[in-house]
Amino acid sequence: MSIEIATGIMVFIVGMIFGSFYNVVGYRLPNEMSIAFPSSHCPNCNHKLKFYELIPVFSYVFLLGKCKSCKKRISFLYPFFEIITGLLFLLSYMVFGINIKFFISITFISILIIISISDIRYYIIPDEVLIVGSLLIIIELIINSLISDINLISGVLIPILNGLGAFAILYLFKVFGDVVFQKESLGGGDIKLMFLIGLTLGFDMSIVTIFIASFIALPLSVVSLIKNDNNILPFGPYLSIAAVVIFLTNLNLNMILQFFIK
Ligand SMILES: [Zn+2]
């Protein structure tokens, strides 16, 4: 087996283990629960999970998606996010190799996965995750600038300003949307999330992120409007999907313009 394939498999497995942890963080943090204690248990019957019930994906399949003790169904979101994290870590390795870009990529992906989990479950994007995540990315941008001999203004300061710009743009969208729809159109979490996206993708691509996310979310919000279930649609996961696709494909404004001019 070549070293690349072996590394790829390792990265995928490590990604699934991280994904399993992100499930816990995304589930517990908005509930003000400690991430470390108590150890993982069934939310229905409090059955404490043994080590063989904690193996990403395999445990879910092995337990046939049910709690071993009370037989209550375990949400498919658990194995789903474990696999997604594994795959996105693997893709990061295939795109960047193992270097500082890879670490920026898995940090960015990890934050987006945690906030998507908590946005889907509770309509909350926890501030703690955004703050810690943005700080980690800034540290990685500093390291990247030092390694690649980029000056700190273009390597770190400009990305921070891009983040602030992206934040400001979605804030304006919200003010506009609140007037048009006569109700809360966007959550504060979505707006704060734009700082992280602008920081990592740049200002122009953060705008593209908003457009792609709206494009994916639109059919679903129409369905929800017709069904009149008055549910707010979590926008965080759509912003996350759009941002990850842009980041991993290295999509930039030139490519988009060329596509439309051709
Ligand atoms: Zn149970």
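Two residues are said to be in contact here if their C-beta atoms, placed from the backbone, lie within 7 Å. The model is a predicted one, in which local features need pLDDT of at least 70 and side-chain atom pairs count only at pLDDT 80 or more, while totals for chains, interfaces and linings use all residues. Residues are numbered from 1 along each chain as its sequence is written.

**Two residues of helix α1**

Helices are DSSP runs (H or I, at least four residues), numbered from the N terminus, and Gly-26 lies in one of them, helix α1, which covers residues 3–28. Leaving aside neighbours within four places in sequence, Gly-26 is in contact with Ile-114, Ile-117, Ser-118 and Arg-121. A residue counts as buried if 20 or more other C-beta atoms lie within 10 Å of its own, as exposed if 12 or fewer do, and as partly exposed in between. Gly-26 counts as buried because it has 24 C-beta neighbours inside 10 Å. Between Gly-26 and Leu-233 there are 207 residues of sequence separation and 18 Å in space, C-alpha to C-alpha.

Tyr-22 is also found in helix α1, and Tyr-22 is buried because 25 other C-beta atoms lie within 10 Å. Again leaving aside neighbours within four places in sequence, Tyr-22 is in contact with Phe-81, Thr-85, Ser-110, Ile-113, Ile-114 and Ile-117. With Ile-117, Tyr-22 is 95 residues apart in sequence and 8.1 Å apart in space, C-alpha to C-alpha.

The table gives two pairs of helices, with axes taken as lines fitted to C-alpha atoms over the stretch in contact, and angles running from 0 to 180 degrees between N-to-C directions.

| Helix pair | Axes come within | Crossing angle |
|---|---|---|
| α4 (residues 100–122) and α9 (residues 236–249) | 9 Å | roughly 160° |
| α6 (residues 152–181) and α8 (residues 203–226) | 9 Å | roughly 35° |

The angle in the row for α4 and α9 makes α4 roughly antiparallel to α9, a term used for angles over 145 degrees. The crossing of α4 and α9 is left-handed, meaning that the near helix is turned anticlockwise from the far one by less than a right angle, whereas clockwise would be right-handed. On the side of α4 the contact is made by residues including Phe-108, Leu-112 and Ile-115, and on the side of α9 by residues including Pro-237, Val-244 and Phe-247. The residues of this contact divide into nine nonpolar, four polar and one charged; here Ala, Val, Leu, Ile, Met, Phe, Trp, Tyr, Cys and Pro count as nonpolar, Asp, Glu, Lys and Arg as charged, and the others, Gly among them, as polar.

Helix α6 passes α8 in a right-handed crossing. This contact is made by Asn-162, Gly-165, Ala-166, Ile-169 and Leu-170 of α6, together with Phe-203, Ser-206, Ile-207 and Ile-210 of α8. By class, the contact of α6 with α8 has six nonpolar, three polar and no charged residues.

**Two loop residues with positive phi**

Most residues other than glycine have a negative phi. Asn-46, however, has a phi near 65°, and Asn-46 is found in the loop between α1 and α2 (58–62). Asn-46 counts as exposed because it has 10 C-beta neighbours inside 10 Å. Val-57, in the loop between α1 and α2, has a positive phi near 60°, and Val-57 counts as partly exposed, with 16 C-beta neighbours inside 10 Å.

Note on methods: Angles under 35 degrees count as roughly parallel, over 145 as roughly antiparallel, 65 to 115 as roughly perpendicular and the rest as oblique.
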